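Please read it with the structure open.

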Amino acid sequence: EDHNVFDLLKGCLDKLDQVQRDIINLFYFEHKKCYEVAEAVQLNEATVRKRLERIRQGLKTCVESKLDG
């Protein structure tokens with residue numbers, strides 16, 4: 001079965017909670033800096049950086065599990 005990685009990623013993104021989605025949208029799609037994302041979601045910059053790290057890892061794991069499944 002041929003999987004489109006972008007479709008798999010979209011399915012994984014849909015599983016994120018609202019704050020996680022906001023962080024991803026601001027950082028990757030609106031090209032905001034970490035401090036700007038932090039202001040927008042009312043978290044400190046270090047927290048945003050850590051959440052981005054965790055979100056990326058979670059998305060990677062999610063896509064890989066769908067590819068393996």
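Predicted model: local features only at pLDDT ≥ 70, side-chain atom pairs only at ≥ 80, totals over all residues.

1. Residues are numbered from 1 along each chain as its sequence is written, and side-chain values use heavy atoms, with hydrogens and water left out.

2. Mean pLDDT (the predictor's confidence in each residue, from 0 to 100) is 94 for the chain. Of its residues, 96% reach 70 or more. Helices here are DSSP runs (H or I, at least four residues), numbered from the N terminus.

3. The largest nonpolar core has 17 residues. Such a core is a set of buried Ala, Val, Leu, Ile, Met, Phe, Trp, Tyr and Cys residues joined through side-chain atoms within 4.5 Å; buried means under 20% relative accessible area, with a 1.4 Å probe and protein chains only. Helix 1 (5-13), helix 2 (18-29), helix 3 (34-41) and helix 4 (45-68) each supply at least two of its residues. Helix 4 gives the largest share, six.

4. I23 and V48 have the most contacts inside this core. Beyond four places in sequence, I23 is in contact (heavy atoms within 4.5 Å) with residues including V37, V48 and I55.

5. Helix 3 and helix 4 pack at about 100°, axes 8 Å apart. Axes are lines fitted to C-alpha atoms over the stretch in contact, and angles run from 0 to 180 degrees between N-to-C directions. The pair is therefore roughly perpendicular (65 to 115 degrees).

Definitions and conventions. Buried < 20%, exposed > 50% of the residue type's maximum accessible area, 1.4 Å probe, protein only. Parallel < 35°, antiparallel > 145°, perpendicular 65-115°, else oblique.
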